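Work through each task with the structure at hand before reading the solution.

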Amino acid sequence: MSDSRPPIDVVHNEEKKRFQVKKDGYIAETEYILTKTRIIFTHTEVPKALENQGIGGTLARTGLDYARANGLSVMPLCPFIASYMRKHPEYLDLLAAGVNL
């Protein structure tokens with residue numbers, strides 16, 4: 001069974017330090033703080049009108065893939081990102097030293 005939903009386009013807004021999805025006049029986003037060696041995910045917000053469409057997971061995956069591609073460790077202060085990492089152990093190797101989920 002395939003997913004018939006259209007692909008979700010994530011924009012990396014480096015100036016505002018967030019990954020964003022704009023759809024139907026709404027913006028869903030994951031905010032972060034960037035240091036030389038670490039990305040700290042601070043907040044993820046998906047408006048109710050965009051819930052249950054896979055947008056939150058796509059934002060999390062995009063942010064974590066960005067961390068991996070740039071050699072950054074991850075500090076998931078955002079509960080959504082922490083939960084996503086627990087459910088997707090392929091990202092656990094990105095956790096910053098001493099960080100527990």
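**Exercise 1.** Determine whether F19 and Y32 are buried or exposed.

*Solution.* Buried means under 20% relative accessible area, exposed over 50%, and partly exposed in between (1.4 Å probe, protein chains only). F19 has a relative accessible area of 2%, and Y32 has one of 5%; F19 is therefore buried, and so is Y32. The model is predicted: local features need pLDDT of at least 70, side-chain atom pairs count only at pLDDT 80 or more, and totals for chains, interfaces and linings use all residues. Residues are numbered from 1 along each chain as its sequence is written, and side-chain values use heavy atoms, with hydrogens and water left out.

**Exercise 2.** Classify the aromatic pair of F19 and Y66, and state which elements it ties together.

*Solution.* Rings of Phe, Tyr and Trp (its six-membered ring) pair if their centres lie within 6.5 Å; planes under 30 degrees apart count as stacked, over 60 as edge-to-face and the rest as tilted. Because F19 lies in strand β2 and Y66 in helix α1 (residues 55-69), the pair ties together parts 47 residues apart in sequence. Helices (H or I, at least four residues) and strands (E, at least two) are DSSP runs, numbered from the N terminus. Both F19 and Y66 are buried.

**Exercise 3.** Which residues form one aromatic cluster?

*Solution.* The cluster consists of F19, Y32 and Y66. The structure holds three aromatic pairs. One of them, F19 with Y32, is tilted, at 5.4 Å centre to centre and 40° between the planes.
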